[in-house]
Amino acid sequence: MFLGDFHTHSRYSDGRGTLRENVMAALNKGLCFYGVTDHGPANIGTGVRQEKVYLTIKAEAQRLKKEFPGINVLVGAEADVISLEGDIDLSLEVVSALDYLIIGLHPYILPKTLKDGFLFVLPNLLGRIFPGIKRYLIRINTRALIRAIEKYRPLAVSHPNLVLPVDLEALARSCAKNGVALEINTGHKYPKEEIVKAALKTGAKLIVNSDAHYPHTVGELKSGEELLMRYNFPLERVLNVAGFNAK
Ligand SMILES: [Zn+2]
Ligand SMILES: [Zn+2]
């Protein structure tokens, strides 16, 4: 059902497989597209060492394209939102060198400024201990993501509502307006029904990705397919079913 898997990790960040192993796994699953999206450099302990690493990944992808002409190898990034204003941990120079961009929220990141540390990153870490601040977290997380969507127009927002809470409907409305997809992430077990409902309600697109950190989970998208079927989601609004246009 799916033409490609556009959110996966390799050894360049915290994935266990080499890019070559991942590409071979995608080929074996019968995919036409394989996209690697290693974590941005602000992701503590898991991100790429520095943003220039994406240029190394691009060079390796070029070689793999020649070696494996049966599959389109694309290089993206899963960039971190690092400020309340929706800044990400990649320069525009690197973003423009990538085939596409995915943005997402992660708890363990280096904030852009001290203020972002106190008002954005720290509260998200404290939210696990103090559930009373959830409403504040929803407000700041939704705002930061929407600003990032408006600034960067990424292909998709990764795993919305995973650990860090957001207002899914407001996020989906912004995605619909800016042509950005909400991700159904099959690599993390958490409730995703509300994402589908928000996309149905607002007209937003979806994309189903594995978030694979191992070659054997590349292209493992079955649970996403089941979810789409359960809600009778229009497949022409699912990016990796209907076809894909890298920018
Ligand atoms: Zn992620
Ligand atoms: Zn990921």
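**Chat about a zinc site and a parallel sheet**

Q: How far apart are the end C-alpha atoms of residues 4–83, and how much of the span is helix and strand?
A: The end C-alpha atoms of residues 4–83 lie 31 Å apart, and the span is 31% helix and 22% strand. Keep in mind that this is a predicted model.

Q: What does UniProt call residues 4–83?
A: The UniProt annotation, from an unreviewed entry, reads "domain: Polymerase/histidinol phosphatase N-terminal".

Q: OK, metals. Which residues coordinate the zinc ion (ligand 1)?
A: E78 through OE, plus H106 and H159, each through NE2, at 2.1 to 2.2 Å. The spacing of these donors in sequence is E-x27-H-x52-H.

Q: And where do H106 and H159 sit in the chain?
A: H106 is in the loop between β4 (102–104) and α4 (114–126), while H159 is in the loop between β5 (156–157) and α6 (168–178). They are 53 residues apart, so the pair links distant parts of the chain.

Q: Buried or exposed, those two histidines?
A: Buried. H106 has 13% relative accessibility and H159 has 5%; the cut-off for buried is under 20%.

Q: What does E78 bridge?
A: E78 bridges the zinc ion (ligand 1) and the zinc ion (ligand 2), and those two ions lie 3.4 Å apart.

Q: Switching to the sheet: what's the strand order?
A: It's an open sheet of seven strands, ordered β1-β2-β3-β4-β5-β6-β7, and the pairing is parallel.

Q: Which strands are at the edges?
A: β1 (4–5) and β7 (205–209). Each has a single partner strand, so one side of each has no neighbour in the sheet.

Q: How many bridges join β5 to β6?
A: Two, with β5 running parallel to β6 (residues 181–185). A156, for instance, has A181 as its bridge partner in β6.

Q: Which helix packs on the sheet, touching β6 and β7?
A: Helix α7 (residues 193–202), and its direction makes about 155° with that of β6.

Q: Which α7 residues are buried?
A: I195, V196, A198 and A199. Down the axis of α7 they fall within an arc of 165°, so they line one face of the helix.

Q: Why would residues three or four places apart point the same way in an α-helix?
A: Because an α-helix has 3.6 residues a turn.

Q: So what do the buried residues of α7 pack against?
A: They pack against α6, β6, β7 and α8 (222–230).

Q: And what comes just after α7?
A: G203, with a positive phi of about 85°.

Note on methods:
Residues numbered from 1 in each chain as written. Chains lettered and ligands numbered in written order. Predicted model: local features only at pLDDT ≥ 70, side-chain atom pairs only at ≥ 80, totals over all residues. Heavy atoms only, no water. Donors = N, O, S within 2.8 Å, 3.2 Å for Na, K, Ca; no water. Helix = DSSP H or I, 4+ residues; strand = E, 2+ residues; numbered from the N terminus. Buried < 20%, exposed > 50% of the residue type's maximum accessible area, 1.4 Å probe, protein only. UniProt positions renumbered as here; feature names shortened; annotations may be inferred. Pairing = 2+ DSSP bridges. Contact = heavy atoms within 4.5 Å. Axes fitted to C-alpha atoms, helices over the stretch in contact; angles between N-to-C directions. Arc of directions from axis to C-beta.
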